[in-house]
Amino acid sequence: MATVTVLGLGNMGGALARAFSGAGHTTTGWTRSAGTGTPAEACAVSDLVVACVSDYDAMRAVLSAPGVADALTSRTLVQLATGGPADARGLATWAAGAGVAYLDGAIATYPARIGDAPTIVFYSGDRAAYDRHRVTLEALGGRPTFVGEAPGAAAAADLAWLSFLYATMVGLFQGAAFLEAEGADPAVVFDAVPSFGIEIAAEAAYARELIARNDFHGDQATLDVHLAAMEHIVAAAEESGVSGELPRLVRDLTARAVAAGHGADEIAALIETFRRA
């Protein structure tokens, strides 16, 4: 079993500490707001230090506390705060100068599902450190995923996850509003999510193949067909009296791709719209 320190014991940090402890690892927790000693003392007792504070600014504040840099020398730091690729690169530079093996990470779930078999946590940075601690990190979720050695890769994967999460949830709420406008129970759309998920997974696998070969021709449904459907959604929103902001946004993005010559391509061609500002 490993020795693990968790820096930050909020909702997510507390869930991480419980998962490590539940897996049998000797776990030390530290939080700024409780009498848990100093962060340097907490770092000194473990080979693996997992930080889950609010953001990178808070992380840098912890790292600048007396004795922390020395305590982390020759240990592995896994950073799980919210931020972007540039933040991760900056912290990786600090870690390299301090002699600290560094992994940047991103948790693709909420605290309630930490430790579950399907839970994904993305990691990037020092591959040797990841390989060394992979089994320990499996306590946080059954699908630890190493994205690459570029320090910002896990943060980019986090942006992908959050983009998917927010777009999906906003789409569900749009659907619920359509149902309510017709006097129907909005639970219908939420209950259908497992079936929707099968369709999304299949379409995602198909899109991945098209994007990988950079050829968006296929035999499912063209962007022209999708654009026509989106026009119907926009019109239905106006007729129903519900917000049409989301349908118009999606319609306009698709129209841009069609105008750029992708009308006969599959929906995966929309990635071209997002590849450039």
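**Charged side chains in a predicted model**

Asp 265 lies in the loop between helix H11 (245-262) and helix H12 (271-274), helices being DSSP runs of H or I with at least four residues, numbered from the N terminus. This is a predicted model, in which local features need pLDDT of at least 70 and side-chain atom pairs count only at pLDDT 80 or more, while totals for chains, interfaces and linings use all residues. Residues are numbered from 1 along each chain as its sequence is written, and side-chain values use heavy atoms, leaving out hydrogens and water.

**Asp 265**
- Asp 265 is buried (under 20% relative accessible area, against over 50% for exposed and in between for partly exposed, with a 1.4 Å probe and protein chains only).
- Asp 265 has no salt bridge, a term for a side-chain nitrogen of Lys or Arg within 4 Å of a carboxyl oxygen of Asp or Glu.
- The nearest side chain of opposite charge, that of Arg 213, is 9.0 Å away from Asp 265; Lys and Arg count as positive and Asp and Glu as negative, with His and the chain ends not counted.

**Salt bridges**
- The whole structure holds 8 salt bridges, among them one between Arg 60 and Asp 57, whose closest N and O atoms are 2.6 Å apart.
- Both Arg 60 and Asp 57 belong to helix H3 (residues 56-63), where they sit 3 residues apart, about one turn of the helix.
- Asp 57 counts as exposed because its relative accessibility is 52%, whereas Arg 60, at 36%, counts as partly exposed.
- Arg 251 pairs with Asp 252 in a salt bridge, with 2.6 Å between the closest N and O atoms, and a network of salt bridges links Glu 231, Arg 251 and Asp 252.

Terms used
Helices (H or I, at least four residues) and strands (E, at least two) are DSSP runs, numbered from the N terminus.
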